[in-house]
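Thanks for making time this morning.

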Amino acid sequence: VTVCVDSWFWRRWLWPEGEVFWFNTVLNQAHRWGTMPWHWYFTSALPRSLLGAALLLPVGLCTRVAPVLINVAGFGFDRRGLVLAAPALSFVVLYSFL
């Protein structure tokens, strides 16, 4: 859908996500959009975008009754929750340094 809509408005065939990737990484022009410190995603973007869901994240990760617990600093972390959260968190960390 995005190809058809954006191609219509730009009056040429294009793939919007590919254009963004080309501009930001291959042409190395991401700084033209503005730059923020590496921690901006964690201190500003994620808290604003997640709002109430951010408060429920520890509840989803922490549990004392799951059979597969990892004890970190006195908290029981369910390994299944960490398996789901680790790739997303890793993506945000790596993306922050681009």
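**Confidence, backbone and rings**

In this predicted model, the element of the protein chain with the lowest mean pLDDT is strand S1 (residues 69-72), at 53, while helix H1 (residues 2-10) has the highest, at 93. Here pLDDT is the predictor's confidence in each residue, from 0 to 100, and helices (H or I, at least four residues) and strands (E, at least two) are DSSP runs numbered from the N terminus. The chain averages 78, with 76% of the residues scoring at least 70. Where pLDDT is low, the predicted coordinates should not be read in detail.

Residues are numbered from 1 along each chain as its sequence is written. Local features need pLDDT of at least 70, side-chain atom pairs count only at 80 or more, totals for chains, interfaces and linings use all residues, and side-chain values use heavy atoms, without hydrogens or water.

Most residues other than glycine have a negative phi. Arginine 11, however, in the loop between H1 and helix H2 (16-26), has a positive phi near 60°, and asparagine 28, in the loop between H2 and helix H3 (40-50), has one near 55°.

As for the rings, the whole structure holds 2 aromatic pairs (Phe, Tyr or Trp rings, the six-membered one for Trp, with centres within 6.5 Å; planes under 30 degrees apart are stacked, over 60 edge-to-face, the rest tilted). Phenylalanine 23 and tryptophan 33 are edge-to-face, 6.0 Å centre to centre with 75° between the planes. Because phenylalanine 23 lies in H2 and tryptophan 33 in the loop between H2 and H3, this pair ties together parts 10 residues apart in sequence. Tryptophan 40 and tyrosine 41 are also edge-to-face, since their centres are 5.4 Å apart and their planes at 70°.
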